[in-house]
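Morning, everyone. I have one structure to walk through today. Please have a look at it on the screen.

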Amino acid sequence: MKKNETLTLTITDLSYQGLGVAKAADKVIFVADALVGEQVVAKILKVQKNIAFAKAIEHLTTSPDRVAIKNARYTQTGIAPLQHLSYRGQLAFKRHQIEQVLHKQHLDEIEVGQPAGMATPYAYRNKAAVPVRLVDGQVRVGFFRRNSHDFVPLTDFLIQDPRIDAVLKVVVQLLNRYHIAAFDEAAHKGCVRTVVVRRGYYSKEVMVGLVTRTKNLPHAAEFARSLQQECPDVVSVLHNVNPAKTNVILGPTTHTLAGKSTITDTLNGLQFEISLHSFYQVNPTQTEVLYQKAVAAAGLDGSQTVIDAYCGIGTISLNLAKAAKQVLGVEVVPQAIADAKHNAQLNHITNAKFVVGTTEEWMAKWQAAGVAADVVVFDPPRKGLAASVIAATAQMKVSKVVYVSCNPATLARDLALFKQAGYAVTQPIQPVDQFPQTPHIESVTVLERTQAD
Ligand code: SAH
């Protein structure tokens, strides 16, 4: 098999990244723009030892789940890699992904429920972070082509709140009007690297953050004034300085150019204050569904002590607090814990306590101190749980675990460990689609302790 060779392939599966999977010449071939059941003519792009990458250049048969794409740019940039798959097909794909990883861990007995999807699976993101570059003498925003530094200018981002796209248009006009230079990555020159926009789904408050390479932002005051004049819903205009040669978007220092330093939004009726740096779930309506499922799964009656591990700014903790005796939240980022405490006060919640540190360290500490947690909610990052955390949970004799996962592979690995530690999955895993048009999969799993004391 060689680069640029063409082959006729039959697609048997979709990879977790949404690429068609085919087999030929003892290799697994990952094929872009190819769906299960399709026969395609594919051009080989890259050959490795056991695998190869290709793209479909002709479809000899097409899947009934194939739909017309909105724009090839959304695939090229990775904004919407599943746009060629019907939404029903996307939800089925996500469910199947979880079933596959369970099968690999010999956990076929665990059922996976129908994913909770969106009625309109577009325009959902409450946050944008878009690069700024000079194109034909004009400052533009856009996205990068996947795995490259090629800049693709865009004005409609498909999955973002349309008001965010509209505010971005005004930001771009003003950058051009005030001749504020775009970042030049190759030369590490210029000024504005990225524009971050967040919008409260319920509050409708908008935050705009300009991330610059230089400490100085020319015409900052005029920019902020004009932006607020043209977009009165922009209640926070921020300037963040990031001089480093890095892909990390935000630098350490942020100044307020106009308005407030935070915006507020509500989730399930609770208020949250969100700063430029805060981690906050990007799909507000589906996050409400996710948290409702997690809280319902916890099965609280006001008498329980609940641990919310990986609590971020306390969003799940405060959803749990209403129905719990007390909630203990742990999170490694100190600023997030400061926000969590502040958010508890904002909502007059007094039975949630928050600590800074790793879940690994605090689960061990709480266990040693004899804390009797009835329920633990885990919402870890993609790498999942450390084995020591699962062991500490079992030693604490926690009767119920609610595992919110953004990565089915580590979820399945951890469920196998929980099984060994004496826990069983007692309800079908509930996927909640937080990221329509992309292959990302979020789910809620309920585990119960099977041993009597
Ligand atoms: N539950 C929150 C945040 C989930 S994201 C929400 O829904 O908004 C996962 C969080 O885990 C992040 O805030 C991250 O900072 C934190 N984190 C990552 N590794 C950690 C660790 N080892 N211990 C505790 N928190 C950790």
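Let me start with a question: how many bridges join strand 2 to strand 3, and in which sense do the two run? Two bridges, and the strands run antiparallel. One of the pairs is Leu14, whose bridge partner in strand 3 is Gly20. Before I go further, a caution: this is a predicted model.

Strand 2 and strand 3 have five residues between them. Gly18 in this hairpin takes a positive phi, near 85°.

Now follow the chain onward. Strand 3 covers residues 20–24, and four of its five residues are buried, so strand 3 is largely enclosed by the rest of the structure. Next comes strand 4, residues 27–32. Strand 3 and strand 4 pair over five bridges, in the antiparallel sense. Look at Ala22: it stands opposite Ile29 in strand 4. These two strands form a hairpin as well, with two residues between them. Ala25 sits in that turn, with a positive phi of about 50°.

Six strands make it up, in the order 1-5-6-4-3-2. The sheet is open and the pairing is mixed. Which strands stand at the edges? Strand 1, residues 6–10, and strand 2, residues 13–14. Each has a single partner strand, so one side of each is left without a neighbour in the sheet. For strand 1, strand 5 at residues 39–47 is joined to it by five bridges. Those two run antiparallel. You can find Thr10 opposite Gln39 in strand 5.

Strand 14 spans residues 263–267. Is strand 14 largely enclosed or left open? Four of its five residues are buried, so strand 14 is largely enclosed by the rest of the structure. Strand 15, residues 270–274, pairs with strand 14 over five bridges, antiparallel. Leu267 has Leu270 as its bridge partner in strand 15. There are two residues between these strands. Asn268 in that hairpin takes a positive phi near 50°.

On to backbone angles in the loops. Most residues other than glycine have a negative phi. His106 has a positive phi of about 55°, and it is not a glycine. You find His106 in the loop between helix 2, residues 87–104, and strand 7, residues 127–135. Buried or exposed? His106 is at 62% relative accessibility, so it counts as exposed; the cut-off is over 50%.

Leu158 is the other one I picked. Its phi is positive too, about 65°, and Leu158 is not a glycine. Leu158 lies in the loop between strand 9, residues 151–153, and helix 3, residues 162–177. What about cover for Leu158? Its relative accessible area is 12%, so Leu158 is buried; the limit there is under 20%.

Now the ligand. How many residues surround it? The count is 17. The closest are Gln281, Tyr291, Glu331, Thr359 and Asp379. By type, the shell divides into eight nonpolar, six polar and three charged residues. Two helices each supply at least two of the shell residues: helix 6, residues 315–321, and helix 8, residues 359–368.

Here are some distances. A polar side-chain atom of Tyr291 is 2.5 Å from a ligand oxygen atom. Thr315 also points to an oxygen atom of the ligand through a polar side-chain atom, at 3.1 Å. Tyr310 uses its backbone: a polar atom there lies 3.0 Å from a ligand nitrogen atom. And how much of the ligand does the protein bury? Taken alone, the ligand exposes 570 Å², and the protein buries 87% of that.

Last, the whole chain. We have 10 helices and 23 strands. The radius of gyration is 24 Å, close to the 22 Å that the globule rule gives for 453 residues, so the chain is as compact as a globular protein of that length. The C-alpha atoms fill a box of roughly 70 × 60 × 35 Å along the principal axes. Of the 453 residues, 54% are buried.

That's my tour. Questions, please.

How values were computed: Residues are numbered from 1 along each chain as its sequence is written. This is a predicted model: local features need pLDDT of at least 70, side-chain atom pairs count only at pLDDT 80 or more; totals for chains, interfaces and linings use all residues. Side-chain values use heavy atoms; hydrogens and water are left out. Two strands pair if DSSP finds at least two bridges between them. A residue is near a molecule or strand if one of its heavy atoms lies within 4 Å of it. A polar contact is a pair of N or O atoms within 3.5 Å; within protein, one must be able to donate a hydrogen and the other to accept it, and residues adjacent in sequence count only if both atoms are side-chain atoms. Accessible areas come from the Shrake-Rupley method with a 1.4 Å probe; for residues, only the protein chains shown count as cover. Ala, Val, Leu, Ile, Met, Phe, Trp, Tyr, Cys and Pro count as nonpolar, Asp, Glu, Lys and Arg as charged, and the others, Gly among them, as polar. Buried means under 20% relative accessible area, exposed over 50%, partly exposed in between (1.4 Å probe, protein chains only). The radius of gyration is taken over C-alpha atoms; the globule rule is 2.2 Å times the number of residues to the power 0.38.
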